[in-house]
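Here is a friendly briefing to read with the model open beside you.

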Amino acid sequence: MTLIKSGVPSRDELSTVIPPRQKLEKGPVVVVECFQEIPCNPCETACKQEAIRVPNINDLPIVDHELCNGCSLCISKCPGLAIFVIDETYSPNEVLVKIPYEFLPLPEEGDIVTALDREGKVLGDARVLKVQDGKYQDRTAVISITVAKDFSMEVRNIKVRG
Amino acid sequence: MRITGHPVLQFSRGKKIKFYFEGEEIEGYAGETIAAALHAAGVKDYHYSPKLNRPRGFFCAIGNCSSCLMEVDGQPNVRVCTEQVSEGMKVRRQHNKGVLKP
Amino acid sequence: MKNREIAVIGGGPAGLTAALYASRMGAEVTLLERHSIAGGQLVKQTHKFFGSQKQYAATRGIDIPQYLLEEIERQGVEILLDANVLGYYTEDGVLGYEKDKKFHVLKPERIIVGTGATENVLPFANNDLPGIYGAGAVQTLMNEYGIVPGNKALMVGAGNIGLIISYQLMQAGVEVKEIIVRGPIIRGYGVHASKVRRMGVPINTCCTVKSAHGNTCLEKVTTINLTENREPIPGTEREVDVDLLCISTGLSPLTELLWQAGCQMEYVAELGGHVPLRDKNMRTSQESIFVAGDASGIEEASMAMVEGMLAGLCAARDFGYDDGMFNELHYDAIMQLNELRSGEDSEKIRKGLKECLVKEVIR
C-alpha cells in the first residue's frame, strides 16, 4: 500500500528517506518523511547546517545526512509535521525519537506514554524525556521519547495517558 | 459545547449575553453568531421545510446556502450563521416560508 | 456619491494582498468585507502554511491577516467590515453595498473581486439533516467560535480540506471515526494524510455516503463501496454511528458579482466551475474588473495572495501609479505563480488555466 492510496508510506517509499546505517550508528539524525513534490521549503530555511536543501521549491528535500547534527530545529517548521529526529546511540537497547505533536494534553517529562506507529497502532510504552514547547516551536511541540530500539523506524506518534 | 482548552487557539469570549430560544433563556457571548450559541446549547435543528416538514440546520456557516434560516425578533428568514446574538433577542424555529414584515 | 479609485471586494488573502499592493503604489483603496472581521478563510486556518517564505510558509494561517492588515492600515486603505456588496454596474460604475442595515453606493473606477468560494453539496438521501455540514463550516464553528461541532465525526473527502479538518477536529477533542474518499487515491497532500493515519483514523478509498439517518439530527450514516469507475457495489453498505458528517467534496468559485457585472465566464472543471476569462494580469473581459483568489479558480491561499498582488499592482497602474517598483514586483509575482504552479501536483491547474487565460483583454 502506497502513500497515495493509504496515507502511509510503503517500505519502498520509506527506504528513500531512511538515513544510512553508518550515520544512524554515529548519533542523532533527521528523517524527512516527505515523498511528494509540493511547493514547500521551510525545512531548508530552518536548517543551519545546510543539511536540507530544496533547490527548486517543488523539489523533494535533499537531505545530506552527514551534515545533519540532529539539532531538530526543522521539526517544528515542517508544515506537514513530517520530520523526525532519531538517535539510535541513546543507549544499548533504546532509541530516542523526537516527534512533532500538536494535541492537548501535552505530556510531562518523565511520563510513560503509548508509542504509536504510522497507522496509529500501539507499539508499546515510551518514556517522555523532554517537551519543547516555546516561542520557536509556535505551538508545534517537539517531544523526545525513548522507546525500544526495534521501533526506531516505526514510532511516529504517541498517546498520552489519563 | 464550547471549547475550553485548544493546542493552537485561545478563545477570549466577550461579554455574556442572555437571549431567548422558543421562550427559554439561553446564554451566549458578545461576538457569537446565533448559530454558534444555539449549537453550544445543543440545538441543531433551526427550521422545518414548508412542504415536507424536514428538519434543517447549519451547513455553510458563511451566509451562502440558506439552510440555517430562523425567525429572529419576529423577522423570518434570518441567516443565523452570520447574525450575531444580542441581549434579549427572541429566536424561534421557523416552520414555513415566513412573511416579511414591511 | 462617493468616488474611489479602487474597490476591493473581499477581505481574504487575495483581497488583502490586492489592497496592500494597490495602496502601496499610491492608489486610493476601499476594501469591503461582508464578515465582521477581515481575513477570509485565513481566520480559521490553524495549521502552518506551505509554499516559501514569500507566501508565509511555516506561519499559521490565523496569524497572517494581522500582518496584511497592519500594512494596509498604514497605507490608508479604507476598510469597511460588515459590508455586503450587492452589485456592480459597469454602465455607470456604481457599486452597491449593504452595511448597518442600510443600502450604500460607491463609485470606484476599478474593482478587484476576491470573493472566494463556497463548499459543494453532496447528493444522497437525507443530506439535509442537521449535523451534516460543509467541512469548512465545521472549521468555522470550531476555530472561529470555539464550538465543538459534534462528538463523533465521519469526513467525506480526502483533499487537503478534508484531511486538515479531520486533524483539526481531533485537536478540538472530536473523535474522527473515518475518512471516506470516492476515488481510489487520496488527492490531498500525503503528509496531511499521514498526520491523521498516525492518530489511528482509517482512510477508506472507493467509498461514499449512501444515506444519512436521524430524527431531528444526524444519528448515523450508511456508506457504500464503489468500483474504480465510481459505481456503487450493492451489498457493501456499512453503518457508521456519528452525529457529525463533514462534506469536503470540493469548492465552487463565488462568481455572482462577475456574472452580474457582465464578465465573460467559462466553465472550467479543473478550476471548480464557472470562472471569468482573464489575462495574465488578472483583468477580466470588463476593463474595470480584476479578479483574484478562489473566485478566479480554486487553488491555495498562497496563489490567492500572489494573484491579489498582481491585480492590485495592475489596477493601480491603470491610474499611472508606480512607486518605482512596479516592474520588479510585477515580474516577481508572475515568477512566483509560475514557480508555485510548476510541480506535478499543479498539472490540473495548468490545464484549467489554459481554458480561461486570454492574451489581451479588450482595452
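Chain B contains one helix and seven strands, where helices (H or I, at least four residues) and strands (E, at least two) are DSSP runs numbered from the N terminus. Please keep in mind that this is a predicted model, in which local features need pLDDT of at least 70 and side-chain atom pairs count only at pLDDT 80 or more, while totals for chains, interfaces and linings use all residues. Residues are numbered from 1 along each chain as its sequence is written, and chains are lettered from A and ligands numbered from 1 in the order in which they are written.

**Chain B**

- Along the sequence, the elements of chain B follow the pattern β-β-α-β-β-β-β-β.
- Chain B has a radius of gyration of 14 Å, close to the 13 Å that the globule rule gives for 102 residues, so chain B is as compact as a globular protein of that length. The radius is taken over C-alpha atoms, and the rule is 2.2 Å times the number of residues to the power 0.38.
- Along the principal axes, the C-alpha atoms of chain B fill a box of roughly 45 × 25 × 20 Å.
- Of the 102 residues in chain B, 38% are buried. A residue is buried if 20 or more other C-beta atoms lie within 10 Å of its own, exposed if 12 or fewer, and partly exposed in between, with C-beta atoms placed from the backbone.
- Among contacts in chain B between residues at least 6 apart in sequence, 40% join residues at least 24 apart; two residues are in contact if their C-beta atoms, placed from the backbone, lie within 7 Å.

**Chain A**

- Four helices and nine strands make up the secondary structure of chain A, and the order from the N terminus is α-α-α-β-α-β-β-β-β-β-β-β-β.
- The radius of gyration of chain A is 15 Å, which agrees with the value near 15 Å for a compact globule of 162 residues.
- The box filled by the C-alpha atoms of chain A, taken along the principal axes, is roughly 45 × 35 × 35 Å.
- Buried residues account for 46% of the 162 residues of chain A.
- For chain A, 58% of the contacts between residues at least 6 apart in sequence join residues at least 24 apart.

**Domains of chain C**

- Chain C is divided into domain 1 (2-118 + 251-354) and domain 2 (121-247), with bounds that come from an automatic or database domain assignment.
- The C-alpha centres of domain 1 and domain 2 of chain C lie 31 Å apart.
- Four residues from domain 1 of chain C and six residues from domain 2 of chain C take part in their contact.
- On the domain 1 side of chain C, the residues that touch domain 2 are one nonpolar, two polar and one charged. Here Ala, Val, Leu, Ile, Met, Phe, Trp, Tyr, Cys and Pro count as nonpolar, Asp, Glu, Lys and Arg as charged, and the others, Gly among them, as polar.

**Where chain C meets chain A**

- This contact takes 34 residues from chain C and 32 residues from chain A.
- On the chain C side, α5 (190-197) and α8 (326-340) are the elements that give two or more residues, and α5(C) supplies the largest share, eight residues.
- By class, the chain C side has 14 nonpolar, 12 polar and eight charged residues.
- Helix α5(C) is mostly covered, with eight of its eight residues buried.
- The buried residues of α5(C) pack against α1 (3-6) of chain A, together with α4 (160-171), β10 (175-180) and β11 (203-204) of chain C.

**A sheet in chain C**

- Strands in the order β12-β13-β14 (chain C) form an open sheet of three strands with antiparallel pairing; two strands pair if DSSP finds at least two bridges between them.
- β12 (207-213) and β14 (238-241) of chain C are at the edges with a single partner strand each, so one side of each is left without a neighbour in the sheet.
- Strand β13 (residues 220-225) of chain C is joined to β14(C) by four bridges, and K220(C) stands opposite D241(C) in β14(C).

**Backbone details**

- L104(A) and P105(A) are joined by a cis peptide bond with omega of about -5°, and P105(A) lies in the loop between β5 (94-101) and β6 (112-116) of chain A.
- E22(B), although not a glycine, has a positive phi of about 50°; E22(B) is exposed, with 11 other C-beta atoms within 10 Å.
- A58(C), a residue other than glycine, has a positive phi near 70°; A58(C) is buried, with 22 other C-beta atoms within 10 Å.
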